[in-house]
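Hi,

Here's the structure I promised to send over. Have a look at it first, and then read on for what turned up.

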Amino acid sequence: LVVLALGACTHEIDESMLLYPHRGVAVDVGALAGQFPSHEVRREWITAPDGTRLQALRFERPDAVAAVLYFGGNGYTIGNFAAATAEAYRGLPVDLVLVDHRGYGGSGGRAGVEALLDDALVVHRHAAERARDRGLPLVVHGHSLGSFLAGHVAAAHRLDGLVLESSVTTIEDWGGHFQSMQPWWMRLAIRGVEPAPALRGRGNAGLMDRLDEPVLFLVGDEDALTPARFTRELYAGARLPERCKRLVVVPGKGHDGATQSREFREGMEWLLSLRPPGDAAVTMQPTRRPTRERPDAAADLPAPCA
């Protein structure tokens, strides 16, 4: 024990601890269409600026009142989990767009944090154009790793709605939690946990004072990987009118189960009730939000939840 304590070191969190790209199973569009007969289901390909092709899956229904772009977590591929995501949204009148992260599922390329963030903006533009064509507002939903991508999109665009599920404040905070989860003897051997330089400050905490769209904060109360306290802190830090944010902590659900609940459905019904009446095409324009360096630009971005 003395040797462990004297030799304690700082453990670095790098991309290999956050990204686990894998291919999963192939997407069976026909089976999904049979399972969800109220939707038209089709596969699409989105091309990133570097030529990488990203696999996407679109569910559309004739009575949709909104579209949802969903960014899954680290283990997510649409081949493995499209049915579960569509099932969570089955009772809601929305179109649904799912995507495989770069290097995951049917998408090409090599996974990397910066590349995934850049891809998220490309995927959002693709989804927003189709939603605009259908006259629908667009909600962006991100789970776990996907919540970072959703937050990145929200930092660049004014959205019609945002869902942050099982998110964290910063990688530094999550690193402290990661260390606390280790066996006692390993905690003796690790003096501290810090992110690699490229990951420092990552997370959604810095977004909270710049949100200008309604936000649903969602987490399971038994989430051991990204505990509910992170989501509660994000909710408390969101500088939005109370009418524009809602915290949903789902009893008995862990890291992956919060959407499979009545509480999620009620939260989404609330979020959809706030969609702009009759002017979705205007609010979905990809407008850059004001930066702290240009506070005067806020006058250019009238938003009901700003």
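Is the link of Cys244 and Cys305 left-handed or right-handed about the S-S bond? It's left-handed, at -80 degrees. Before going further, do keep in mind that this is a predicted model.

Staying with that pair: the sulfur atoms of Cys244 and Cys305 sit 2.1 Å apart, as a disulfide, and the count for the model comes to one. Cys244 is in the loop between α9 (228–237) and β10 (245–250), while Cys305 belongs to the segment after α11 (280–283), so the bond ties together parts that are 61 residues apart in sequence. Both cysteines are buried.

Next, a helix pair. α5 (residues 113–133) packs against α6 (residues 145–156) at about 60 degrees, and the axes are 9 Å apart. The crossing is right-handed. On the α5 side the contact uses Leu116, Leu117, Ala120, Leu121 and His124, which meet Leu145, Phe148, Leu149, His152, Val153 and Ala156 from α6. Sorted by class, that's nine nonpolar residues, two polar and no charged ones.

Last up is Asn204, in the loop between β8 (190–195) and β9 (215–220). With a relative accessible area of 2%, Asn204 falls under the 20% cut-off and so counts as buried. Its side chain makes a polar contact of 2.9 Å with the side chain of Ser167. Leaving aside neighbours within four places in sequence, Asn204 also touches several other residues, including Ser147, Phe148, Gly151 and Leu234. Phe148 links back to the helix pair, being one of the α6 residues that meet α5.

Cheers

Note on methods
Residues are numbered from 1 along each chain as its sequence is written. This is a predicted model: local features need pLDDT of at least 70, side-chain atom pairs count only at pLDDT 80 or more; totals for chains, interfaces and linings use all residues. Side-chain values use heavy atoms; hydrogens and water are left out. Axes are lines fitted to C-alpha atoms, for helices over the stretch in contact, and angles run from 0 to 180 degrees between N-to-C directions. Helices (H or I, at least four residues) and strands (E, at least two) are DSSP runs, numbered from the N terminus. A crossing is left-handed if the near helix is turned anticlockwise from the far one by less than a right angle, and right-handed if clockwise. Contact means heavy atoms within 4.5 Å. Ala, Val, Leu, Ile, Met, Phe, Trp, Tyr, Cys and Pro count as nonpolar, Asp, Glu, Lys and Arg as charged, and the others, Gly among them, as polar. Buried means under 20% relative accessible area, exposed over 50%, partly exposed in between (1.4 Å probe, protein chains only). A polar contact is a pair of N or O atoms within 3.5 Å; within protein, one must be able to donate a hydrogen and the other to accept it, and residues adjacent in sequence count only if both atoms are side-chain atoms. A disulfide is a pair of cysteine sulfur atoms within 2.5 Å.
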